[in-house]
Amino acid sequence: MTNSAKLVPPRHFQLEAGGTDTRMSSALSSFGSPVLARLGVSDWIEARIGVDGWVERAVGRDRESGFGNIQAGAKLRLVSDSAGTPVLSAIPMINLPTASASKGLGSGEADFTLTLAGGADLGARGHVDANYGVGNIGAGGGQRRFTQHLVSVSGSVSAGRWDPYAELFWFSAQEFGGSGVAALDVGTSCHLRDRLTVDGGLQVGLSHAAPTFSLFAGVSLGFKHAAH
């Protein structure tokens with residue numbers, strides 16, 4: 001959930017893909033296969049486009065599936081340290097309503113969000129990232145749009161090829177009139193080679209409105225465009 005303040009370097013392209021299986025309750029579950037493409041445009045801007053991929057939603061024995069929403073936006077460097085590493089960035093995004101509202105896969109309305117992402121190293125191996133986000137969210141079904149707040153903190157430790165982490169996050173609401181959603185997730189990433197990383201983990205809900213648990217895994221591939 002937590003975004004790093006760091007940008008993809010200029011003329012670099014990064015592709016991230018994965019899968020998430022979420023259990024809201026014994027009768028309600030969902031699956032998503034998100035993909036995010038990131039392109040370093042300059043030292044201070046990164047272009048981003050993402051898709052939810054193929055999504056499924058099951059209520060009891062009833063199951064609906066289809067293509068999810070599309071997200072477009074950028075990451076903008078606001079503050080860097082003495083070495084030029086971003087320590088505070090802004091991430092404006094638009095969520096386009098391409099998922100079917102009639103199947104219950106989306107609201108059928110666009111969402112607009114702005115996230116501030118900060119990060120800092122802790123000693124030689126530790127790192128912490130923190131996000132605050134605010135969004136104008138479409139509820140669908142003729143309901144009023146609502147404001148959503150996000151707060152998240154993630155801490156990780158570098159242990160050779162492995163980077164285990166733990167994260168806490170909170171949404172003020174994920175639906176109109178809904179209550180807050182808080183969850184904890186733990187996992188690790190493994191750097192298999194230069195610009196190739198896999199990751200996986202488990203999320204556990206801490207509030208009544210949060211999913212009971214989620215399992216997720218993904219892969220990240222980086223590509224460098226040679227300068228002429």
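1. Strands pair here if DSSP finds at least two bridges between them. Helices (H or I, at least four residues) and strands (E, at least two) are DSSP runs, numbered from the N terminus.

2. A word on the basis. This is a predicted model, in which local features need pLDDT of at least 70 and side-chain atom pairs count only at pLDDT 80 or more, while totals for chains, interfaces and linings use all residues. Residues are numbered from 1 along each chain as its sequence is written, and side-chain values use heavy atoms, with hydrogens and water left out.

3. Overall build. The chain holds 15 strands and 0 helices. Its radius of gyration is 18 Å, close to the 17 Å from the globule rule for 228 residues, so the chain is as compact as a globular protein of that length. That radius is taken over C-alpha atoms, and the rule is 2.2 Å times the number of residues to the power 0.38. The C-alpha trace spans about 50 × 30 × 30 Å along its principal axes.

4. Of the 228 residues, 34% count as buried. Buried means under 20% relative accessible area, exposed means over 50%, and partly exposed lies in between (1.4 Å probe, protein chains only). Take the contacts with a separation of 6 or more: residues 24 or more positions apart account for 46% of them. A contact means heavy atoms within 4.5 Å.

5. Surface. The chain exposes about 12,400 Å². Carbon and sulfur atoms supply 61% of that area. Accessible areas come from the Shrake-Rupley method with a 1.4 Å probe; for residues, only the protein chains shown count as cover.

6. Strand E12 (residues 162-171) is joined to E13 by 10 bridges, and the two run antiparallel. E13 also pairs with E14 in the antiparallel sense, over 10 bridges. Within this second pairing, Val186 stands opposite Leu202 in E14. E13 and E14 form a hairpin with 2 residues between them.

7. Arg195 deserves a look. The residue lies in the loop between strand E13 (181-193) and strand E14 (196-205). Arg195 counts as partly exposed because its relative accessible area is 39%. Arg195 also forms a salt bridge with Asp194, with the closest N and O atoms 3.3 Å apart. Asp194 has 61% relative accessibility, so Asp194 counts as exposed.

8. Arg11 is another backbone point to check. Arg11 is not a glycine, yet has a positive phi of about 65 degrees. Its place is in the segment before E1. At 48% relative accessibility, Arg11 is partly exposed.

9. Salt bridges. Side chains of opposite charge can pair when their charged atoms come close. The criterion here is a side-chain nitrogen of Lys or Arg within 4 Å of a carboxyl oxygen of Asp or Glu. A search of the whole structure finds 7 salt bridges. Glu16, Arg38, Glu46 and Arg48 are linked in a network of them.

10. Two further pairs. Arg23 bridges to Asp21, with closest N and O atoms 3.2 Å apart. Arg23 is partly exposed at 34% relative accessibility, and Asp21 is partly exposed at 24%. Arg63 bridges to Glu56, with closest N and O atoms 3.3 Å apart. Here Arg63 is exposed, with a relative accessible area of 54%, whereas Glu56 is partly exposed at 26%.

11. Nonpolar patch. Phe13, Leu15, Val35, Leu39, Val41, Val219, Leu221 and Phe223 make a nonpolar surface patch of about 580 Å². The elements giving two or more residues to the patch are strand E1 (12-23), strand E3 (35-40) and strand E15 (213-224). E15 gives the largest share, 3 residues. Phe223 sits in strand E15 and is partly exposed, at 42% relative accessibility. Patches are made of residues with over 30% relative accessible area and no salt bridge; like charges are joined within 9 Å, and nonpolar side chains (Val, Leu, Ile, Met, Phe, Trp, Tyr) within 5 Å.
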